[in-house]
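Subject: Handover of a structure, with notes

Dear colleague,

I am passing on the structure below, followed by my notes on what was found in it. Please read the notes with the structure open beside you.

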Amino acid sequence: MTSIELQEAGLTFRVRQQGRTTLKDLLLRGMFRGSANPWIEINALKGINLHVREGERIGLMGHNGAGKSTLLKVMAGIYPVTSGEVNVQGHVHSMLDIGVGIEPDANGWDNILFRCLVQGDTPAQAREKAAAIASFSELGEALNRPVKAYSSGMSVRLLFSIATSIEPEILLLDEILGAGDAGFQEKAQRRMMDLIDRARILIIASHDPNTLSRLCTRVLWMDHGSVVMEDKPHIIIPAYEEFMKKSFQAAA
């Protein structure tokens, strides 16, 4: 059984207050104890408690910087928490940065194999998938050329075709992916919906209330790294929209 459980999960980043620090600055700060601390701590996530069972579809909503993408990266294992616990049962497929593993100097065929390995496939599985990925991309002979020679639309087609060639157990999405021109876009949307339907667990961050209402069984409203409310979409979405409306009115 697939599941995700977070108990009081927190994540703190330690960053420099200024963009660049010289060796001289560091030595002087070590010599003079009264010098200002060059580091600040940013609490990206604070005390997140979440239990997701197999079959659930969870939406994350909130303004930019609320912590949605950071929470997805914690569940994906990209960021280790600095407090609390994270327990994930099942294989995670995160479609957060579909360009990871792409080599511009290699051709399309080689990049299909490289990216499949990054996604967790064995070499044999990657080779078995290659023809189907190539067919879906509709790139034809262009797959024999280096990816750096592709147009942006061709690159997106290739990346999307590879990224969606998975059998998802736990699927993490930061918005619904689309790709290519109008004809390919329709095909891409069908592929995304099929992928979502097959996932045992879906966690999706989105600014689109219609997407969350249509896809999710539960929604978390996040703000400044914390969960404000958690409930069914028809309860959370109107509450969030009303809050945002009042915030805009107060700022006007």
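What does the accessible surface of the protein chain come to, and what percentage of it belongs to carbon and sulfur atoms? The accessible surface is about 13500 Å², and 52% of it belongs to carbon and sulfur atoms, where accessible areas come from the Shrake-Rupley method with a 1.4 Å probe and, for residues, only the protein chains shown count as cover.

Please keep in mind that this is a predicted model, in which local features need pLDDT of at least 70 and side-chain atom pairs count only at pLDDT 80 or more, while totals for chains, interfaces and linings use all residues. Residues are numbered from 1 along each chain as its sequence is written, and side-chain values use heavy atoms, with hydrogens and water left out.

Overall picture

The protein chain has 8 helices and 9 strands, taken as DSSP runs (H or I of at least four residues for helices, E of at least two for strands) and numbered from the N terminus. Its C-alpha trace spans about 65 × 55 × 45 Å along the principal axes. Of the 252 residues in the chain, 38% are buried, where buried means under 20% relative accessible area, exposed means over 50%, and partly exposed lies in between (1.4 Å probe, protein chains only). Among contacts (heavy atoms within 4.5 Å) between residues at least 6 apart in sequence, 71% join residues at least 24 apart. Not counting residues up to four places away in sequence, Ser 3 touches Val 52, Asn 87, Val 88, Gln 89, Ile 170 and Ile 201.

Cores and helix α5

A nonpolar core is a set of buried Ala, Val, Leu, Ile, Met, Phe, Trp, Tyr and Cys residues joined through side-chain atoms within 4.5 Å. The largest such core has 29 residues, of which Met 61, Met 95, Phe 160, Leu 171, Leu 173 and Met 192 touch the most other members. Elements that give two or more residues to this core include α5, β6 (170-174), α6 and α8 (233-251), and α6 gives the most, with 5 residues. A second, separate core of 23 residues includes Ile 4, Ala 44, Val 74 and Met 75.

Helix α5 (residues 152-163) has 12 residues and should span 16 Å at 1.5 Å a residue, which agrees with its end C-alpha atoms being 16 Å apart; the expected span is 1.5 Å times one less than the number of residues. Among its buried residues are Arg 157, Leu 158, Phe 160 and Ile 162, and what covers the buried residues of α5 includes β5 (92-95), α3 (108-118), α4 (123-137) and α6 (182-198). Asn 111, placed in helix α3, is buried with a relative accessible area of 0%, and its contacts beyond four places in sequence include Leu 158 and Ile 162.

Salt bridges and backbone

A salt bridge is a side-chain nitrogen of Lys or Arg within 4 Å of a carboxyl oxygen of Asp or Glu, and the count by this rule comes to 10. The side chains of Arg 218 and Glu 56 meet in one of them, at 2.8 Å from N to O; this pair links Arg 218 in strand β8 with Glu 56 in the loop between β2 (39-53) and β3 (57-61), 162 residues apart. Glu 230 also forms a salt bridge with Arg 218, the closest N and O atoms being 2.3 Å apart, and salt bridges that share partners join Glu 56, Arg 218 and Glu 230 into one network.

Glu 138 forms a salt bridge with Arg 157, with the closest N and O atoms 3.0 Å apart. Glu 138 lies in the loop between α4 and α5 and Arg 157 in helix α5, so the pair ties together parts that are 19 residues apart in sequence. Most residues other than glycine have a negative phi. Glu 138, however, has a positive phi near 60°, and Glu 175, in the loop between β6 and α6, has a positive phi of about 75°.

With kind regards
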